[in-house]
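User: I am new to this structure and would like a close look at a single part, the place where the two chains meet. Please take me through that part with care.

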Amino acid sequence: MVKGERRGNALKKKLWRDMSRSAMQFVAIVLLCALGTWVYSGLDGTWRMIQLSSETYFQETNLSDFWVSVGSASKSDVDNLRNVNGVSGVQSRFSAEMDTPDLGKNTSVLVHAYQGTPEINIPLVRAGQGLTGSDLRGCLLDENFAKAHNLQVGDSLKLTLNNVDRTFVIRGLVLCSEQVITAKDVMPDPLHYGYAVVSLDALPGMPVNEVIMTLTPGADSAAVEKSVQAQLPQALIVTQKTHSSTQRTRAEVAMFRNLTYVFPGLAFAVAAMIVLTTLTRMIENQRMQIGTLKALGYSKGKIRAHYLYYALVPSLFGALMGLFVGRYTLPDMLYKMEAQHYILPEQLRPPISLSQWGMTALMVVLSVFICLHAYRKASQEEAASLLRPKPPKAGSRVFLERWTAAWSKLSFNTKMIVRNIARNKGRTMVAMVGLLCCNTLIICAMGLQDSVAACVKDYYQGTVAYTQRVDLDSTAGTLESYQKRLIAERVEGVMEMRVSLRYGDSSRAVVMNVLKDGQQLLQLGQGNTVVDLPTHGIAISRKLADVTGIKAGDAVQIWLPGDDKGLSFTVETVYEVNIGQTVYMGGDLWDSLHKGAFQPTALFLKNPTALTLHKLTEADEVTDFKNPIDQYHNALSVLDSTTAVFSLMYFAALGLAFLICYNMGLINFTERTRDYATLKVLGYHQKEIRGLMMWENNVVTVIGAGVGIWPGILLTQVVLSSIRSENNVFIAQVTLPSLLLATLITCLFSILIEWLITRKVPSINMVEALKSVE
Amino acid sequence: MSYISFDQVSKIYGTGESAVHAVDRVSFGIERGELCVVLGPSGAGKTTVLNLLGGMDKATSGTIVVGDKTITKMRSPQLTEYRRLDVGFVFQFYNLMPSLTALENVELARQVSPKSLDPIEIMRDVGLEHRMSNFPAQLSGGEQQRVSIARALCKNPSLLLCDEPTGALDSKTGEQVLELLARVSKTYRTTVVIITHNANVAPMGDRVIRVRNGTIAENTVNPNPTKVEDIAW
């Protein structure tokens, strides 16, 4: 018994000493296991954090399930809606964009005027107090908008609608769960756009134009939608699935959730591969010691248990470290970045999920299994055989040598390098895979940026051919009157309206653009060419076709605002427009519908004179000016705000490459120290030996990085498809400069790592290295 | 002055109380073209002498001169040049590159030596013309040692240093290797230094240096070296 205990202690001491002797390799295992679980727990934690934070917010503020827009809803309409089966709450309000003349010309707020105290979409008060239904002078203001304008509780706010000014006192600064993203276009811009809440009684004469509804838990949303549609045929119904802010918030959660299937898989595979190589080498190097333990009479079980600790200790430590570090780093970083656009009141950290624990356990089990596999190979030999040094691996001819003409043209050093690479296939493969992954990740990061930039560029510098867009309010004149008055190369107009698109059993609130036939400033054809608008039917954008499944030739109905009957059309064509879920209709077709004259909501101007622009700035009906160049740069700035994500990808790529290449490089160097010492003895200068090492590394690097190009493009496609936005069509494209730059970065990094390793050459002690055969 | 001259050469490993005098104030000389056998028991310091002579290690004190070069004054790059141009090494465990064939191992030496000899000729000379395209793992120990000698000779060195060249071989193969070394010494007029603990080798040397406890116990010239085949093993 005492004897057994002493044996156990000796093995434990051996374990810790072995670990401290091979510290670098154990540290590599720890870091790799940590990397695997870090990426998973980080991304998993991110989507769970955004989900928990947003869903809690939605629940606590009683986010509506339906937003039903109508021209004007009577009390009985609202009561009828309340009685629809499955509806738990209904509240009516008036919603409209109002100008804030005191805060600048292009500044407006979306005002929700509630009938009574808000009970659905309850504003979350961040400063000041809430609003009661009887408060006719008070308003609640978007906290971020207030911050951007230095407004505080107690200040007054002038709101203008249809040339009527009303001044309110700010009672409180709030956040609204239906406005997680408050954007007029793509990007939130609190300096120019926000929201406010007032009492409907404070706006006498204003109709109820929106009914917000909540459903009972488990209610059939589609059935309720049908019933509402039946009650109010002219209503435009937006559900949580199509409500821009809510949908984009949930899409963000879905994106990070999808990413947890891509990147952790990659990190896991690489970590497992390196752990496999490192542990196999370490146990192979211990064969004599295994033989000695066997010869001393230690049981197989005891020796096996001893070597299993080699994997168990570092993998458990690393995997847990990755789990906890991942939990507190990535989600916080990514959340902070997201919080620039997605306004949530509180960052809530979810508990460690079962899947995170599962992945941590998997990492440990995988490492232990790898170790067991490596040990089994060694343990099958007899003690006597283990005590003899392993015979060196025989050299062999490489495939290339069959082409004698080509082989003979290679320099001696190149031949030697080719043979070495072939001889150490496993190690070379691992290093290549490391570089492959590195290049794949960098290409993917650059490809994502390229693809998003290309989408934006294609729209604003391709589809859009005007140089100025001028938004008009409902008092605008006819297009012809503007064409006569304004001096520009070309003046065109668009009539935009929100309509309900119904197809099959589904419906969707979308924007319809009515354009005059013969228009040229929206190049909707393939390759951004001018096309004739359909004369008998309508056209839809690619994104709308994708999300609805509607194809050219399908029959659809369009319900115009306020109509209680839909209009049937055939979708004649799908335009390859990258941005927007849009229906396009020709002006002649519109006129034939007799739904009112074509009244532009925006003008498209090509190269207007300065005087024309000046005149327009003075015009009362003009609400906004938009320059496609500015819009392009604004959209690109969205990209800038996500730089941290891409930086993270670069960091992960280079970290991965460093871990793998440095580890493999060290193993390679250690195992070939004898060869390098022989070269030294033969009179090779240090720089010549370092040159040989670098040259060998360069071959591996070029192959690894080169082979990584295709997976990089593929990964870009996979990631893009998982982050598919509701509004944009992203086509994966990686530009040649990006490909070259990514490959160059990978290669230079690999060269840097190898250079670090070659710095060990001077330390090779010829006498020591060549002393024994082991 | 002798071609090789050791003057009061010491090599001390470690410092203070743990200092080990591997070689202690050793002085001897070897003439050009001689086959010198350095004999001594394990741990006597003979490998240290060879390492110092070959520029693989630096002496703590004393002066080593080979021809017109003072080895002990050389810095690392000069020592590399010295090993490259003047010295050929043969090791007990051959130290061949496993990924190179026998001929390619010899060509490896040619890469760095401007006055190298034809590797194929040398391979013929050491009797391995039929094994040139074999990898080391496919060769016997004796054959590997002959490749190692061919590699050393290919550089056409003026000094061939052999550390226990027969240590890993059976007596018959060892005899063949020693015969080859003796022949090389005569044919190429190369100064050959053989380190061994096997006293049977001594009679074949033109000179025999006996090392004991890091010092020279005896340095004798043998006017009538015995042919290898005549030595009783």
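Analyst: What follows describes the interface between the two chains.

This is a predicted model, in which local features need pLDDT of at least 70 and side-chain atom pairs count only at pLDDT 80 or more, while totals for chains, interfaces and linings use all residues. Residues are numbered from 1 along each chain as its sequence is written, chains are lettered from A in the order in which they are written, and side-chain values use heavy atoms, with hydrogens and water left out.

At the interface, 30 residues of chain B are in contact with 27 residues of chain A, contact meaning heavy atoms within 4.5 Å. The size of an interface is often given as the accessible area lost when the parts come together. Between chain B and chain A the buried area is about 2,600 Å², and carbon and sulfur atoms give 63% of it; buried area is the accessible area (1.4 Å probe) that two parts lose on being put together, summed over both.

Turning to the pairings, the rule finds 2 salt bridges across the interface of chain B and chain A, a salt bridge being a side-chain nitrogen of Lys or Arg within 4 Å of a carboxyl oxygen of Asp or Glu. Glu688(A) forms a salt bridge with Arg84(B), and their closest N and O atoms are 2.7 Å apart. On the side of chain B that touches chain A, helix 2 (76-85) and helix 3 (102-110) of chain B each supply at least two residues, helices being DSSP runs (H or I, at least four residues) numbered from the N terminus. Helix 2 of chain B gives the most to that side, with 6 residues.
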